[in-house]
Structure formats: structure tokens, C-alpha cells
Amino acid sequence: MRFEGELWYWRGPSPYHFITVPEAESALLEATSSAVTYGWGMVPVTARIGRTEWRTSLFPKDGGYVVPVKQRVREAEGLDLGDVPAITLRVDAGGRRAPSTGRARR
């Protein structure tokens, strides 16, 4: 799936930047989440912004999902808070395993 979303910051105990998945796309993800989740509603995906691709997991939040955007991705793509990049998500159909923590690819 492909959509645009605003980059926002969460200060919580583990600060991170996220992009919220729109409602329609979240509904599609919810329909397949039980087949791919490895627990806590997390959905493993391969994400891409611009030329940078990385593996991560979508976090369930407020009835939808959010995409964590790693620092190395933000730096590679020149992203700042409030930017609205196009993002592509591909669900890891193998699911049920934690994603790799490998480096982002350009």
C-alpha cells in the first residue's frame, strides 16, 4: 500500500518518530493482522520512503496503526517534523517473527 502521512514525534519513554497509517489502509491491515502478527498486534512490514527501504513493525494505536521512522531513514531522506512524505508498506506475509534490525538500504 502507498499513502502520504505527516511525520510526528512521540516523547514517551522511548522517543520515536512516526507516520500514522490512514483509516482506510489501517482497516485493510487489521483484516490481515491475525495472520501475520508476532504478538501485541504488531504487523511486520517492509517500508519505503524515497530511495530508503527498511524492515519494521507497525504499532497499533487508537484503532489504527503507526509506522516508526528510524533516525537513519529520516537522515537519508532529509525528513523533518511535519514533513508529509509518500510511504510504501509491504506486509511481511511470513509474519510471526520479529523484524530484522539491519541497516536501512538506499
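Predicted model: local features only at pLDDT ≥ 70, side-chain atom pairs only at ≥ 80, totals over all residues.
**Exercise 1.** Determine how many bridges join strand β4 to strand β5, and describe the turn of their hairpin.

*Solution.* 
Step 1. Strand β4 covers residues 43-49 and strand β5 covers residues 52-61.
Step 2. The two strands run antiparallel and are joined by 7 bridges. Within this pairing, Val45 has Thr56 of β5 as its bridge partner.
Step 3. The hairpin has 2 residues between its strands, and Gly50 in the turn has a positive phi of about 60°.

**Exercise 2.** Classify Arg48 and Glu53, which form a salt bridge, as buried, partly exposed or exposed.

*Solution.* 
Step 1. The side chains of Arg48 and Glu53 meet at 3.2 Å, N to O.
Step 2. Glu53 has a relative accessible area of 12% and is therefore buried, since buried means under 20%.
Step 3. Arg48, at 33% relative accessibility, counts as partly exposed.

**Exercise 3.** Classify the two residues of the salt bridge between Asp62 and Lys61 in the same way.

*Solution.* 
Step 1. The closest N and O atoms of Asp62 and Lys61 are 3.0 Å apart.
Step 2. Asp62 is exposed because its relative accessibility is 72%, and exposed means over 50%.
Step 3. Lys61, with a relative accessible area of 37%, is partly exposed.

Definitions and conventions
Residues numbered from 1 in each chain as written. Heavy atoms only, no water. Pairing = 2+ DSSP bridges. Helix = DSSP H or I, 4+ residues; strand = E, 2+ residues; numbered from the N terminus. Salt bridge = Lys/Arg side-chain N within 4 Å of Asp/Glu carboxyl O. Buried < 20%, exposed > 50% of the residue type's maximum accessible area, 1.4 Å probe, protein only.
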